[in-house]
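Trainee: Could we go through this protein together, one question at a time?
Mentor: Gladly, let's take a look.

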Amino acid sequence: MPSQKALIRRPSPRLAEGLVTHIERAKVDVDLAVEQWEAYAEALRTHGWETVEVDPADDCPDSVFVEDTVVVFRNVALISRPGAESRRGETAGVEEAVARLGCSVNWIWEPGTLDGGDILKVGDTVYVGRGGRTNAAGVQQLRAAFEPLGARVVAVPVSKVLHLKSAVTALPDGTVIGHEPLVDTPSLFPRFLAVPEESGAHVVLLGGGKLLMAESAPKTAELLADLSHEPVLVDISEFEKLEGCVTCLSVRLRELYV
């Protein structure tokens, strides 16, 4: 049976020191962030996901954003080489976690850089954001790892946000959604739906038409509910201060066969 496992990682005590690139720095309440993270993890479990906690990386302020450290296609895990050098210490614990789950492990090697937040999978199509934390060598290595497994890799320019999935994610039917002012080239996607809020561009597919979304996107939640989806809202305000969103707080493993 396909798995429904989600890798998560407890926030570092140094979370407030996390990187920001496209927004002004705001004061982060670390205690509140931990509460929000626990509620996020509980929302995953409530909707049928088994959470797998990666060993903490307390010296890495951004380590809660576990999605950036690995990309999984079928049973192959590609350990990233983050574009921000300060984040490269985050990958060792994630590598151990995916190996324990039975993944075949590959790596992005220098000079390649790749952040998992730059990867959007829609069926067998793997969109990869190019321009921020992921470089051309990283895209090339991603192709080499996943195209032999049947993936179709499509590079997408990213210039207005931190990661591709800061701009777009996808609904269960494959429609890509995004806040249009932050999407470089909406025409690259076969089906694109504009949403009214920046944080409304971020959804995690929980299954059964349910979409995990941030509370900060009520208008988008209403829009998607009108389209017969069921939004499940969580408060992630402290992570949004660090350009985080619902996708980057977990790695959803849907295709592991156990």
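**Strands, sheet and overall build**

Mentor: Strand E10 (residues 176–178) and E11 pair in the parallel sense over 3 bridges. Strands are DSSP runs of E, at least two residues long, and helices are runs of H or I of at least four, numbered from the N terminus; two strands pair if DSSP finds at least two bridges between them. This is a predicted model, where local features need pLDDT of at least 70 and side-chain atom pairs count only at pLDDT 80 or more, while totals for chains, interfaces and linings use all residues. Residues are numbered from 1 along each chain as its sequence is written, and side-chain values use heavy atoms, leaving out hydrogens and water.

Trainee: What is the bridge partner of Ile8 in E2?
Mentor: Strand E1 (residues 5–8) runs parallel to strand E2 (residues 50–53), joined by 4 bridges. In E2, the partner of Ile8 is Glu53.

Trainee: What percentage of the 258 residues is buried?
Mentor: Buried means under 20% relative accessible area, with a 1.4 Å probe and protein chains only; exposed is over 50%, and partly exposed lies in between. For this protein, the buried share is 54%.
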